[in-house]
Amino acid sequence: VIRNADEKNVVGLQRSIVDLSTRARSRQLKPDEVQGGTFSITNFGSFGSVFATPVINQPQVAILSVDGVHKKPVVIEGPQGDSIAIRPIGVLAQTFDHRAIDGAYSAAFLREVKTLIETRDWIQALNA
């Protein structure tokens with residue numbers, strides 16, 4: 001569980017993730033370090049998955065799955081019309097508890113994540 005994640009920038013989150021995952025692999029996490037989360041992110045993509053359906057870690061309310069990035073043919077809209085190109089495409093999947101979150105909010109969240117991934121200057125964000 002990354003505490004106060006909303007107060008961290010991309011580099012701060014990355015450092016917390018590396019620390020926690022390193023200690024988890026060496027079985028050095030304390031019980032209170034894996035409790036109290038509200039939202040999980042899982043990375044099935046590191047195993048080459050195309051699409052995974054994550055299961056909520058109760059009592060959390062949602063989990064986001066980041067799957068592998070693979071080259072696929074996609075339609076590109078341009079001033080000359082549509083064309084087909086090969087682009088790296090990734091899949092995000094989210095499972096959420098309908099008792100806690102309305103589906104429209106979940107879809108809006110995924111749309112925002114997609115927009116941030118596709119439009120953010122990640123070099124600048126990582127160097128900040």
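D97 sits in the loop between β3 (81–96) and α2 (103–119). The model is predicted.

Is D97 buried or exposed? D97 is buried, because its relative accessible area of 12% falls under the 20% cut-off. Its side chain makes a polar contact with the side chain of R99, at 2.9 Å. Leaving aside residues up to four places away in sequence, D97 touches I56, Q58 and V61.

**The helix.** α2 has 17 residues. From first C-alpha to last it reaches 24 Å, close to the 24 Å expected at 1.5 Å a residue. At the start of α2, D102 takes part through a side-chain oxygen, which reaches to within 2.9 Å of the backbone nitrogen of A104.

**The aromatic pair.** How many aromatic pairs does a search of the whole structure find? The search finds 1. F39 and F109 form this pair, and it is edge-to-face. The ring centres are 5.6 Å apart, with 70 degrees between the planes. F39 lies in strand β1 (residues 39–43) and F109 in helix α2, so the pair ties together parts that are 70 residues apart in sequence.

| Residue | Relative accessible area | Class |
|---|---|---|
| F39 | 32% | partly exposed |
| F109 | 35% | partly exposed |

**A charge over a ring.** R120 and W122 form another kind of arrangement. The charged end of R120 sits over the ring of W122. The distance to the ring centre is 5.2 Å.

Technical notes: Residues numbered from 1 in each chain as written. Predicted model: local features only at pLDDT ≥ 70, side-chain atom pairs only at ≥ 80, totals over all residues. Heavy atoms only, no water. Helix = DSSP H or I, 4+ residues; strand = E, 2+ residues; numbered from the N terminus. Buried < 20%, exposed > 50% of the residue type's maximum accessible area, 1.4 Å probe, protein only. Polar contact = N/O pair within 3.5 Å; in protein donor to acceptor, adjacent residues only side chain to side chain. Contact = heavy atoms within 4.5 Å. Expected span 1.5 Å × (residues − 1). Phe/Tyr/Trp six-rings, centres within 6.5 Å; stacked < 30°, edge-to-face > 60°. Lys NZ or Arg CZ within 6 Å of the ring centre and 35° of its normal.
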